[in-house]
Amino acid sequence: MSIEIRKAQNKFDYARCVQVRTIVFTIGQNVPPDREIDPEEDNAIHFLALVDNVVMGAGRWRRYNAHSAKIERLAVLDIGRGKGIGKALMQGILADIRKTDDIRDVILGAQDHAIPFYGSLGFVIYGDAYMDGGNIPHRDMRLVLQNEEAA
Ligand SMILES: CC(C)(COP(=O)(O)OP(=O)(O)OC[C@H]1O[C@@H](n2cnc3c(N)ncnc32)[C@H](O)[C@@H]1OP(=O)(O)O)[C@@H](O)C(=O)NCCC(=O)NCCS
């Protein structure tokens, strides 16, 4: 199995990202379609995970403020889960963020079930529990890049 992580380079790649997100979030988790596609789409850099050249995962990141990036919409198709695709996608996205000047930390809103997944990548919970994406329990998590580099 070969996993390739790359940036979406054109509207066709972007469409593939949305296909994965529609299956995983809109159909799989009942996230309202008008919540899943949001006004930040054009401000984000979209990533694809291809397994043997077939799209199996997607995610996006964007600058959140002067010193923070935010990772959003991370999704792996059901049939691809548990094989390291999500982890590879996160590592590819984080590598891209690290190339960007002035970004000191990375934040995300984790669905409760995914907290151990992000935790295994160094993210730590902060703030209170909340509902998002319809009615899905979430916690905010953060990865401080300087600490990671110093470690
Ligand atoms: C969360 C998600 C992206 C993980 O992708 P994945 O390809 O299955 O994850 P991986 O196979 O790369 O797992 C990486 C590590 O995290 C662990 N992990 C993955 N999902 C986990 C979960 N739900 N709970 C606990 N641990 C988990 C794996 O055991 C693995 O650990 P290891 O490195 O010690 O072997 C995927 O389950 C998914 O798309 N879920 C539905 C959409 C979603 O909820 N997205 C997150 C929105 S915040």
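This is a predicted model: local features need pLDDT of at least 70, side-chain atom pairs count only at pLDDT 80 or more; totals for chains, interfaces and linings use all residues.
Let me begin with the ligand itself, which sits in the largest pocket. There are 20 residues around the ligand, and those that come nearest are Val76, Gly84, Gly86, Lys87 and His113. If we sort this shell by class, we find 10 nonpolar residues, 7 polar ones and 3 charged ones. As for where the shell comes from, at least two of its residues are supplied by each of α1 (11-27), β4 (68-76), α3 (85-98), β5 (105-111) and α4 (115-119).

Which backbone atoms lie 2.8 Å from an oxygen atom of the ligand? For Gly86, a backbone N or O atom lies at that distance from a ligand oxygen, and for Lys87, a polar backbone atom is likewise 2.8 Å from an oxygen atom of the ligand. Leu74 has a backbone N or O atom 2.8 Å from a ligand nitrogen. Taken alone, the ligand would expose 910 Å², and the protein buries 72% of that area.

Two or more lining residues come from each of α1, α2 (33-36), β4, α3, β5, α4, β6 (124-132) and β7 (136-144). Which element gives the largest share of this lining? That is β4, which contributes 7 residues. By class, the lining of this largest pocket has 15 nonpolar, 11 polar and 11 charged residues.

Terms used:
Residues are numbered from 1 along each chain as its sequence is written. Side-chain values use heavy atoms; hydrogens and water are left out. A residue is near a molecule or strand if one of its heavy atoms lies within 4 Å of it. A polar contact is a pair of N or O atoms within 3.5 Å; within protein, one must be able to donate a hydrogen and the other to accept it, and residues adjacent in sequence count only if both atoms are side-chain atoms. Accessible areas come from the Shrake-Rupley method with a 1.4 Å probe; for residues, only the protein chains shown count as cover. On a 1 Å grid over the protein atoms alone, a cavity is a set of points where a 1.4 Å probe fits but cannot get out, and a pocket is an open set with protein on both sides within 12 Å along at least five of seven lines; lining residues have an atom within 4 Å of a point. A molecule sits in a cavity or pocket if more than half of its atoms lie within 2 Å of its grid points. Helices (H or I, at least four residues) and strands (E, at least two) are DSSP runs, numbered from the N terminus. Ala, Val, Leu, Ile, Met, Phe, Trp, Tyr, Cys and Pro count as nonpolar, Asp, Glu, Lys and Arg as charged, and the others, Gly among them, as polar.
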